[in-house]
Amino acid sequence: MPRPEVRDPGPTPAGGAGGLPAVGAWPPRTRWPEPLHRAVAAVREALAGDGACRADAVSGRAGNHSRGLVALSGGADSLALALACAVLVGTREGRRLNPIGAAVVDHGLQSGSDAVAAAAAGVARILGLTPVTVTRVEVARTGDGPEANARRARREALAAAARDAVPGAGAAVVLTAHTADDQAEQVLLGLARGSGTRSLAGIPARGTLPGGAAVVRPLLGLTRADTETICRWAGLTWFEDPHNRDPALLRSRVRTRVLPALEDPDAGLGPGVRAGLVRTAAIAAEDAAALDAWAGDEFTRLRVDPPARDPRVVSLDLDALAALPAAVRHRVIARAARAAGGQAPPRERILAVDTLVTGAHAGGTSAGPVELPGGVAAHRACARLDLIPRLPGP
């Protein structure tokens with residue numbers, strides 16, 4: 001796969017027009033707005049981790065912190081994140097951090113996207129972020145849809161930028177500007193799809209990009225209105241992506257039609273729906289983490305020697321597996337499928353395997369096999385559940 005084109009657009013003057021990102025006199029001499037205090041604290045925590053930044057501030061020594069790289073689009077959310085990073089670097093604690101840069105990804109999906117990308121990069125330079133790069137990507141056309149295709153191309157480009165920002169081994173930590181509004185939209189989509197606890201947990205605060213580069217989302221505690229307040233404080237104009245209001249895109253419909261309808265005080269549920277969805281995500285994340293940890297322990301405990309000690313086969317104690325609560329049992333089955341070389345099974349396949357487990361003493365039930373994604377088959381044999389990968393063809 002060819003490497004995306006990376007270019008340095010050079011400095012862009014402030015004061016752009018036509019909705020292009022631009023910044024006035026920097027830095028402002030007025031007091032920080034309240035949302036900026038929260039944004040700066042969240043970025044500091046995301047980059048320092050484990051309170052290391054505070055410990056270094058007390059000791060007076062330079063911290064060995066990760067280099068940050070803002071995923072900058074030119075919208076209000078990502079510009080507010082860039083502002084928070086720039087403000088942080090100017091503080092006493094921030095001066096002990098490694099430099100923070102910005103990576104702009106131009107998807108090329110609309111006319112003038114190159115001008116928006118160049119203007120956003122220019123703002124990042126005025127704010128003092130370094131390095132600043134613009135990457136033009138080609139968004140593939142697949143059956144996954146335009147939103148998923150653009151997201152895949154963007155993640156790959158950001159992963160490459162994170163590696164390039166740290167010469168040699170390692171990669172920068174990529175900071176993305178997902179907000180509480182994005183979180184509410186994600187949870188609502190998960191509810192509509194009938195997803196489980198992990199999906200209802202929404203957007204995680206931390207994750208990884210292709211290749212393993214870390215990604216953090218420090219603005220999940222701020223709203224979209226908060227990010228606009230931060231931008232206005234700095235005299236920043238931002239780009240309004242027309243795709244954000246395109247009803248052909250599912251997330252755009254949720255943002256512009258579904259959530260406003262739910263929050264309508266007369267025809268809907270009234271104000272507070274977004275905040276409730278965000279609380280749901282936080283509770284679901286705690287529950288999912290606990291259930292996943294429990295399932296991990298049980299998976300280790302329940303593994304038994306496979307038939308003929310074949311290392312390709314994952315075998316579990318059937319009776320002990322059947323005795324687990326369904327939520328934990330289903331997670332153990334999914335782990336076993338992945339450990340045997342398969343993919344994460346959909347719920348209907350997990351339930352089919354679960355019937356092999358719970359029907360062992362019912363009499364007359366099938367012993368399998370149940371075919372799972374990734375070329376794995378589940379069999380019930382004696383007192384075991386065996387997850388067996390198919391042999392490769394000749």
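Leaving aside neighbours within four places in sequence, which residues is Gly-75 in contact with? The tour below begins there.

This is a predicted model, in which local features need pLDDT of at least 70, side-chain atom pairs count only at pLDDT 80 or more, and totals for chains, interfaces and linings use all residues. Residues are numbered from 1 along each chain as its sequence is written, and side-chain values use heavy atoms, with hydrogens and water left out.

**First stop: the annotated site**

Select Gly-75, in the loop between strand S2 (68-72) and helix H3 (76-89); helices (H or I, at least four residues) and strands (E, at least two) are DSSP runs numbered from the N terminus. Beyond the sequence neighbours already set aside, Gly-75 is in contact with Trp-238 and Phe-239, contact meaning heavy atoms within 4.5 Å. Gly-75 counts as buried because its relative accessibility is 14%, the limit for buried being under 20% relative accessible area (exposed is over 50%, partly exposed in between; 1.4 Å probe, protein chains only).

Next, select Ala-76, in helix H3. Ala-76 is buried at 8% relative accessible area. Not counting residues up to four places away in sequence, Ala-76 touches Thr-227, Glu-228, Cys-231 and Trp-238.

An unreviewed UniProt entry lists Gly-75 and Ala-76 among the residues of a "binding site"; positions follow the numbering used here, feature names are shortened, and annotations may be inferred rather than shown by experiment.

**Second stop: the sheet**

Now display the open, antiparallel sheet of 5 strands, ordered S8-S9-S12-S11-S10. Its edge strands, S8 (303-304) and S10 (370-372), each pair on one side only; pairing requires at least two DSSP bridges between two strands. Finally, select Val-304, which stands opposite Ser-315 in S9.
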